[in-house]
Amino acid sequence: MNWSGLESLLSGVNKYSTAFGKIWLSMVFLFRVLVFVVAAQRVWGDESKDFVCNTRQPGCNTACYDHIFPISHIRLWALQLIFITCPSLMVMAHVKFRENKDKKYVASHQGSHLYANPGKKRGGLWWTYLLSLVFKAGFDVSFLCILYKIYHGYDLPRLSKCSQEPCPNTVDCFISRPTEKKIFMLFMVISSAICIFMCICEMVYLIGKRIIKLFKAHYENERVVFADQHELTTMAPPRSMYKKTDPTLDVRQQNFNNRGKTRDIGEITTL
């Protein structure tokens, strides 16, 4: 399997990821793919060759090995790594679709762009990215459950009992280096659990950021509406213009003062 080609393909997705996505990608290639290629394949390479049962009955070893190991850990982990990395290609394909659509739009609209940044997680790309996180976490959880159900837990016993045909009776079977294999299996399980946690953190981050952005937009809209409804069209005159009438003035003087106030108020209103 060409893991370097897969790594180079997914490295393009890294620039569209958040900080949690970059950590997830580093975890996958450093602690899962690298360990799988360098160490795990060598540790599990002798599982069928050095599997021994205390009988010489022809075919008994093969039947017991198939019963105890219905699927190889190496092949199961290889399928798991392929499945959890494929959803990231959805994001890359969506970005490429946006870029091609933007190029066609620029060609037909005299240089104006349809997307300011095709890789920005808005609109449909936001949903594609969130769906890819759900798929990645779901695949990891599914494979952990399959591994637990097939091998009845995350343990490799030193001694296994087998009574499959054509074994004459219940025989004892032994696998080579069970402690070393158990350590690597637990390492892969813990790495998968950390990757699931990072996917959940990234989903919470994206959804929380989207909710905060919607609340801010709603608050800004309410503020604009409030300002439009309470906009003042005229300026009220100062209270000093409304002075009480002096009772000592005669009627002619009071009328003259009232005409002056009315003229001043009209000038202030027009301003």
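Modeller: Start with Asp-172. Its relative accessibility is 19%, so Asp-172 counts as buried. The cut-off for buried is under 20%. Bear in mind that this is a predicted model.

The partner of Asp-172 is Lys-161. Their side chains meet in a salt bridge, with 2.6 Å from N to O. This pair links distant parts of the chain. Asp-172 sits in strand 3 and Lys-161 in strand 2, 11 residues apart. Lys-161 is exposed, at a relative accessible area of 55%.

Strand 2 (159-162) and strand 3 (171-174) are packed against by the buried residues of helix 3. Strand 1 (52-53) is contacted by those residues too. Helix 3 covers residues 60-68. Its buried residues are Cys-60, Ala-63, Cys-64, Tyr-65 and Ile-68.

Back to the charges. The structure holds 6 salt bridges. Another of them joins Lys-96 to Glu-99. Here the closest N and O atoms are 3.8 Å apart. The limit for a salt bridge is 4 Å, so this pair falls within it. Lys-96 and Glu-99 both lie in helix 4 (residues 73-108). They are 3 residues apart, so about one helical turn separates them. Lys-96 is partly exposed, with a relative accessible area of 40%. Glu-99 is partly exposed as well, at 26%.

Next comes Arg-177. It forms a salt bridge with Glu-180. The closest N and O atoms of that pair are 3.4 Å apart. Arg-177 has a relative accessibility of 39% and counts as partly exposed. Glu-180 is partly exposed too, with a relative accessible area of 30%.

Lys-120, Arg-122, Lys-209, Arg-210 and Lys-213 gather in a patch of positive charge on the surface. Patch members have no salt bridge and over 30% relative accessible area. Lys-120 has a relative accessible area of 40%, so it is partly exposed. Lys-120 is placed in the loop between helix 4 and helix 5 (124-150).

To sum up, Asp-172 and Lys-161 pair between strand 3 and strand 2. Lys-96 and Glu-99 pair inside helix 4. Arg-177 pairs with Glu-180. Lys-120 belongs to the positive patch on the surface.

How values were computed
Residues are numbered from 1 along each chain as its sequence is written. This is a predicted model: local features need pLDDT of at least 70, side-chain atom pairs count only at pLDDT 80 or more; totals for chains, interfaces and linings use all residues. Side-chain values use heavy atoms; hydrogens and water are left out. Buried means under 20% relative accessible area, exposed over 50%, partly exposed in between (1.4 Å probe, protein chains only). Helices (H or I, at least four residues) and strands (E, at least two) are DSSP runs, numbered from the N terminus. Contact means heavy atoms within 4.5 Å. Patches are made of residues with over 30% relative accessible area and no salt bridge: like charges are joined within 9 Å, nonpolar side chains (Val, Leu, Ile, Met, Phe, Trp, Tyr) within 5 Å. Accessible areas come from the Shrake-Rupley method with a 1.4 Å probe; for residues, only the protein chains shown count as cover. Lys and Arg count as positive and Asp and Glu as negative; His and the chain ends are not counted. The place of a charge is taken as NZ of Lys, CZ of Arg, CG of Asp or CD of Glu.
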